[in-house]
Amino acid sequence: MSYEQEILKTIGAAEYKPLSPKELAEALGVTKKQQPAFRADLNALLGLGKIRRHHNGLLLPGKTPELIGGVVKRLGSGAGVFRPHDKSRDEPDSEIVISAADMLDAVSGDEVLVRILKGRGSRGRLTGKLVEIIERQASTFVGTYFERAGQGYVQVDGKTFNEPIFVGDPGAKGAKPDDKVVMDMLRFPTQRRPGEGVIAKVLGPRGEVEVDTMSVIYQFGLPHEFSDAVLNDARRQAERFDEAELGDREDLTGETIITIDPVDARDFDDAISLKKNERGHWELGVHIADVAHFVRTGSALDVEAQRRGTSVYLPRKVIPMLPELISNGLASLQEGRVRFTKSAFIEFTPDGIPVHTRLSNTAIRVKKRFAYEQVMPLLAAGEKGRKEVGHEIFELLEHMRDLSRILRQRRRGKGMLELSMPEVKLDFDKEGRVIGAHEAPHDESHEIIEEFMLAANIAVAVAISDRDILFLRRAHADPDELKLRAFGEFVQTMGFELKQFQSREALQKLLGLAHGHPAERAINYAMLRSFKQAEYTRFEVGHYALAEDDYCHFTSPIRRYPDLTIHRIVDALIRKRKPPKESNEEELIRLGKHCSQTERRAEKAERELTKLKLLRYMESRVGDELEAIITGVENFGFFCQGTAIPVEGMVHIRRLEARESFDYEQKAHALVGRTSGVRFQLGGRIVVKVAKVDVDRRELDFELVPEDQPKKRSTGKKPLPPTSPNAGAPAPKRKRRRRR
């Protein structure tokens with residue numbers, strides 16, 4: 001029996017609502033016996049382009065040749081900028097401009113179909129017309145409630161909507177003027193008609209710390225409460241757990257195993273053992289909390305963990321992927337407690353070449369928990385440190401330091417790229433308001449753990465790949481050639497040469513030459529912008545920055561769902577069973593998209609709340625001056641971020657043109673004065689004054705401070721080391737643990 005016509009008829013119907021393959025099969029009455037034929041016909045139609053699969057796994061009608069799918073961004077003028085998804089065919093690489101009249105009611109982040117128009121817009125840019133909105137980025141928004149002429153309105157936070165949204169009779173849900181509320185959009189606004197919404201929830205008075213936090217949680221749709229079913233599942237797992245019943249696990253409870261984590265860490269999911277064997281080889285044990293033991297496939301815990309995708313680390317608040325009974329209890333590798341783990345034992349030659357990997361279900365008892373800040377002073381203390389923690393643990397720390405240095409040197413030799421970027425942590429008062437900032441320390445103790453986590457992730461990925469099992473890879477695709485070429489042209493303006501811009505070794509050499517140079521910050525920023533984002537995928541893309549062909553996330557199953565899927569495959573390998581059923585191509589493609597999206601959502605939410613808290617801090621500091629680094633340059637001005645206080649704002653070109661006119665040099669990422677030749681370039685160091693703060697619109701305007709003007713600097717509670725305010729001077733160098 002052929003299902004092609006039935007599939008096309010169903011998906012092509014005007015009233016069709018996107019379905020998953022499973023839902024479509026149910027709608028067509030496909031039996032279990034008929035599934036193979038249905039799947040074959042479905043895949044054939046997908047291959048021919050007659051239907052297509054959305055990134056969330058739902059099925060859609062096939063694209064017509066003249067339509068392009070992608071994501072749109074609405075500008076303040078009402079016009080839009082469209083970025084195509086697929087640039088692999090004859091579709092344009094550049095952004096496509098859409099006039100306000102052709103934007104329908106789309107807003108930033110919506111996935112849409114666009115038709116390319118004939119002719120070019122300003123500056124020769126392609127123009128298009130929005131034809132269809134495939135998927136809304138959001139239909140729920142957060143804003144400030146107010147009343148006008150006896151009616152209720154909500155001014156949505158940010159710059160998504162310029163005009164307020166009508167919400168009907170005043171006082172709905174008990175809302176009071178100046179309350180923050182959650183609003184469901186009933187009708188999106190267009191150029192010709194206003195928007196209409198309904199209040200779903202009142203969060204509380206504008207400006208309160210907890211209200212700000214909940215505003216961001218609802219803005220990004222972050223699941224933040226666990227259902228009774230999920231909590232009950234966690235309780236059942238706790239009741240069943242008996243640390244004395246190890247079953248067939250390898251007993252490592254007598255081994256010297258330690259953890260090294262941040263001093264304020266809330267979950268402990270990795271531990272380390274290390275020794276030398278009779279051949280003089282290193283035997284590294286990376287022991288990871290066995291979350292899969294408690295979170296079984298298809299259980300309430302599993303369904304919720306997959307939905308969340310990741311834990312979210314907001315300023316002063318963590319939204320865990322799993323209930324705390326699991327994340328901070330059963331699966332937390334606490335000192336002195338027996339805990340179940342999955343262990344990767346990796347054997348290295350004396351010069352760091354991996355020669356063998358063994359995977360095992362284990363039970364461990366951590367002998368000592370260290371904070372990062374303790375490790376290097378302890379090793380530097382020598383015999384005094386040895387007496388403090390005992391010979392075994394001190395020797396383990398020494399071995400860990402020595403092997404991590406060897407592994408790091410080998411990775412550099414392979415062409416690994418590591419950017420030096422500053423990381424500044426905020427300081428809060430008891431109420432959760434920002435009172436200052438400080439540099440996050442990053443010493444060799446961080447690098448030790450980073451090296452061993454990378455080693456375990458690589459070893460596990462290779463072990464799975466060697467068995468031809470499909471799995472969720474952590475991939476970092478090669479940068480776009482045009483972006484690398486533009487980067488090469490940019491560094492030339494900084495006095496450097498990059499002939500082989502596609503060579504990792506050449507890029508690595510450039511980073512070395514730029515180290516300590518005034519242009520170091522600018523080069524690091526520009527290189528980062530030329531890279532693609534890392535993502536989860538089933539495809540063998542490789543990891544560009546790490547210079548690895550096979551890489552996955554294995555080491556943090558408490559806080560990342562992809563790691564949990566890897567643990568289930570590892571368990572199957574250990575027990576010599578078939579891979580879990582979710583290790584099929586279709587499911588992995590869907591899951592990779594989903595987990596990449598939840599990860600980016602979490603990162604955006606963290607940045608948004610950090611920005612919101614910083615803007616609240618800056619509200620009372622209008623007129624203060626601060627040193628800043630230029631982080632982006634456009635033809636209308638430049639963005640910069642404070643060094644002592646990491647708040648980002650913009651210096652608009654109109655605030656510069658009072659003195660003279662400026663030309664925008666796109667390749668150099670610079671604005672250049674026509675008369676004076678002064679340059680404001682990516683990575684440059686300047687002094688700015690806080691001119692205007694608009695918290696609800698998330699806007700901060702700076703003014704440039706002339707170098708000869710007296711300064712009243714605003715600094716954090718723990719200010720960064722002072723540096724020259726001259727544009728182009730280097731910023732303080734600080735390494736940062738980046739998401740791999």
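# A walk through strands, cores and charged pairs

Let's start with two strands: β5 (residues 96–98) and β7 (residues 126–135) run parallel and are joined by two bridges. Within this pairing, Val-97 has Thr-127 of β7 as its bridge partner. Strand β7 also pairs with β6 (residues 111–120), this time antiparallel, through seven bridges. You can find Ile-116 standing opposite Gly-128 of β7. Keep in mind as you look around that this is a predicted model.

The largest nonpolar core contains 45 residues, and Leu-284, Leu-397, Met-400 and Phe-452 have the most contacts inside it. Several helices and strands each supply at least two residues of this core, including β16 (282–289), α11 (391–414) and α16 (561–574). Helix α12 gives the most, with 11 residues. To see how such packing looks around one side chain, pick out Phe-452. Leaving aside residues up to four places away in sequence, Phe-452 touches Ile-272, Leu-284, Val-286, Met-400, Leu-403, Ser-404 and Leu-407. Apart from this core lies another one, of 40 residues, with Ile-217, Val-312, Val-647 and Leu-671 among them.

Next come the charged side chains. Side chains of opposite charge can pair when their charged atoms come close. In this model the count comes to 52 salt bridges. In one of them, Lys-159 meets Glu-699, with the closest N and O atoms 3.7 Å apart.

Asp-571 and Lys-342 form another salt bridge, where the closest N and O atoms are 3.2 Å apart. This pair also links distant parts of the chain, since Asp-571 sits in helix α16 and Lys-342 in strand β19, 229 residues apart. Are these two residues buried or exposed? Both Asp-571 and Lys-342 are buried.

Some partners are neighbours along a helix. The side chains of Arg-590 and Glu-587 meet in a salt bridge at 2.6 Å, N to O. The two are three residues apart in helix α17 (residues 585–619), so about one helical turn separates them. Arg-590 counts as partly exposed, with 24% relative accessibility.

Finally, salt bridges can join into a group: Asp-157, Lys-180, Arg-206, Glu-608, Asp-696 and Arg-698 are linked in a network.

How values were computed. Residues numbered from 1 in each chain as written. Predicted model: local features only at pLDDT ≥ 70, side-chain atom pairs only at ≥ 80, totals over all residues. Heavy atoms only, no water. Core = buried A, V, L, I, M, F, W, Y, C linked by side-chain atoms within 4.5 Å. Buried < 20%, exposed > 50% of the residue type's maximum accessible area, 1.4 Å probe, protein only. Helix = DSSP H or I, 4+ residues; strand = E, 2+ residues; numbered from the N terminus. Contact = heavy atoms within 4.5 Å. Pairing = 2+ DSSP bridges. Salt bridge = Lys/Arg side-chain N within 4 Å of Asp/Glu carboxyl O.
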